[in-house]
Amino acid sequence: MHHEPTSRLGQVIDDIEETSIALCLGLMTLITFANVVARYVMNSNILWALELTVFLFAWLVLMGASYAVKKHIHIGVDVVLNAVSPGPRKILAILSVAACLAFSILLLIGSWNYWYPFITERAWLETEDIPMPGMFMFLADWFNEGERYEKVPRFIPYLALPLGMALLTFRFLQVGWQIITGKLDKIIASHEVEEEIEQVRAQAEDKREDL
Amino acid sequence: MDIVLLFAMVVGLMLIGVPIAVSLGLSSMIFLMMLSDASLASVAQTLFSAFQGHYTLLAIPFFILASVFMSTGGVAHRIIRFAIAVVGSFRGGLAMASVFACMMFAALSGSSPATVVAIGSIVIAGMVKVGYTKEFAAGVICNAGTLGILIPPSIVMVVYAAATDVSVGRMFLAGVIPGLMAGGLLMLAIYAFAVYKKLPAQPWAGWSEIFEAARDASWGLLLIVIILGGIYGGIFTPTEAAAVAAIYAFLIANFIYCDMGPFKEKGAGGAMILWRGLSIFWHKDTKKSLFEAGKLTIMLLFIIANALILKHVLTEERIPQMITEAMLSAGFGPIMFLVVVNILLLIGGQFMEPSGLLIIVAPLVFPIAITLGIDPIHLGIIMVVNMEIGMITPPVGLNLFVTAGVAGMSMLNVVRAAAPWLAIMFLFLIIVTYVPIVSTWLPTLMMGPEIITK
């Protein structure tokens, strides 16, 4: 079940994705915790804590979905796939990749249509509470006719949608190619703890060898 | 019936091997495009608002993270040791201790498969060693592991609360008594079977072992006290409680249990100790746990977000109202209705991941339940217990797969092994369904009577 990337580049990209996932979740936890501490110790709330956490959450899942495709983490029902012989299985797998592509392309179009106004005619729309770091103020010149942003403009958090769906489409194409060339026979995992069970089995094997 | 077509599409896609999340999302989009003039942009917006508009769901990644920190190595061992010290000396004691250990682990983690892996990977081998059959051991663990979603904290309950706007705190409290009851019933049945079959007992280790094991396990078990105490004491919201629990579990795993992080290997102390203490923040074990939890969060929340698109479609098309009217005009009373809900969920639970199923079914049956005067919390517990049973019934019972993997048995053997204990879970389901006070007594006692607004 290990899908080690073959190339050096693949390894680097894996590292970047895995670190971002860890960092995203770590930040969410720390910010939420810090907010609790601030409330009880310093008697004040961190105003932007909740909103920032929510956006990190959205980025984690929307961007992470493509990583999950690459590593075959998305779960599905594989009783039928396991019951049929390799030929029909390949056809079913190709069909399901086609469905996945339809899904991600439709959503990519939708995401673009949704996001595009936020960077053009509604570029002045800001988030509720997250202050705008000064170093990104050049965005105001680019998109907001030079008018300074007090808060982070909305097109930044919402960017997760088109970006995530584009990546998702790319990963589905990749997985589709793997299936056509016969490197892979399905795109789903049957449950969430597949890896842990592999480990338990590996440990059991080790013990048997020790005896 | 368009609605039948929609669900046929979802099931059909799933059966050919499309990921559950994609099956839900794609069917909803096709349905929307065929029957209404809703734009794709609005679908994208719904997808994003799964995160933006549902603060409750934010508790899920934190609970997962707390559970990952707690599952690094030693906590399961400590809980099992304590469980054996307490009930091991009865006939069939090791099996009863396994159930007890599953109950305690369920209080640290919100997921059933995680409970089976953590406890099962240790106790199944242990039971076989002292003379139980492997089938017996696997059957017990497979069933007891389902308690993971009934005993708080529970991810499935968070999902139910998010889907129906009931209080997470109430749901958690409501799960306590049914959870203890289900565990108790399983242990009683094991005891009766053990006396009849003359199964072995462990030697009585004495009170000192109980106290020592309890002390050792207490750091972990304190987690549930923090979560429940924090929520009911009004100290923090459920989401904050989950984040605090994650931080607590992180500190315990690093500094007290030393199951992970820089103190796992004993080394020089002195001035370097502060530096080592600080290094937990960038230690590779920390990153690994965060990444594992992140991966699970992505998988689960992508399903939930897509189920929310489907939910959006259903409400848009006024399908819950249509079903309510159809059911009421057919003269369904509360009892008949609950039977229908049970059957619906038992069938659905065999094909789908519990959280996704709940998001879809809850809005369909919730308005009917309210009209019929069924308590929303009671309905929630019924649904959770149904999910539990769905996890141990073929063809797609999640716990069956996991147990088969952990015990190294074939699926068919696990199904057979779990079957006798399934009868107990059914009995339990009937009790929970028709005796509402089991679920509603504790939350009403602790938080006062509920105000139903819908």
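**View 1. Surroundings of Phe337(B).** Beyond its neighbours within four places in sequence, Phe337(B) is in contact (heavy atoms within 4.5 Å) with Met327(B), Val365(B), Ile368(B), Ala369(B), Leu372(B) and Ile374(B). This is a predicted model, in which local features need pLDDT of at least 70 and side-chain atom pairs count only at pLDDT 80 or more, while totals for chains, interfaces and linings use all residues. Residues are numbered from 1 along each chain as its sequence is written, chains are lettered from A in the order in which they are written, and side-chain values use heavy atoms, without hydrogens and water.

**View 2. The largest nonpolar core.** This core holds 246 residues. Its members are buried (under 20% relative accessible area, 1.4 Å probe, protein chains only) Ala, Val, Leu, Ile, Met, Phe, Trp, Tyr and Cys residues joined through side-chain atoms within 4.5 Å. Ile60(B) and Phe337(B) have the most contacts inside it. Helix α14(B) (a DSSP run of H or I, at least four residues) gives the most to this core, with 17 residues.

**View 3. The interface of chain B and chain A.** Chain B brings 66 residues to the contact and chain A 70 residues. The two chains bury about 6,000 Å² between them (accessible area lost on being put together, 1.4 Å probe, summed over both), 81% of it on carbon and sulfur atoms. In chain B, Phe48(B), Phe51(B) and Ile298(B) lose the most area to chain A, together 12% of what that side buries.

**View 4. The salt bridge across the interface.** The rule finds 1 salt bridge here (side-chain nitrogen of Lys or Arg within 4 Å of a carboxyl oxygen of Asp or Glu). Glu240(B) pairs with Arg39(A), the closest N and O atoms being 2.9 Å apart.

Note on methods: Buried < 20%, exposed > 50% of the residue type's maximum accessible area, 1.4 Å probe, protein only. Helix = DSSP H or I, 4+ residues; strand = E, 2+ residues; numbered from the N terminus.
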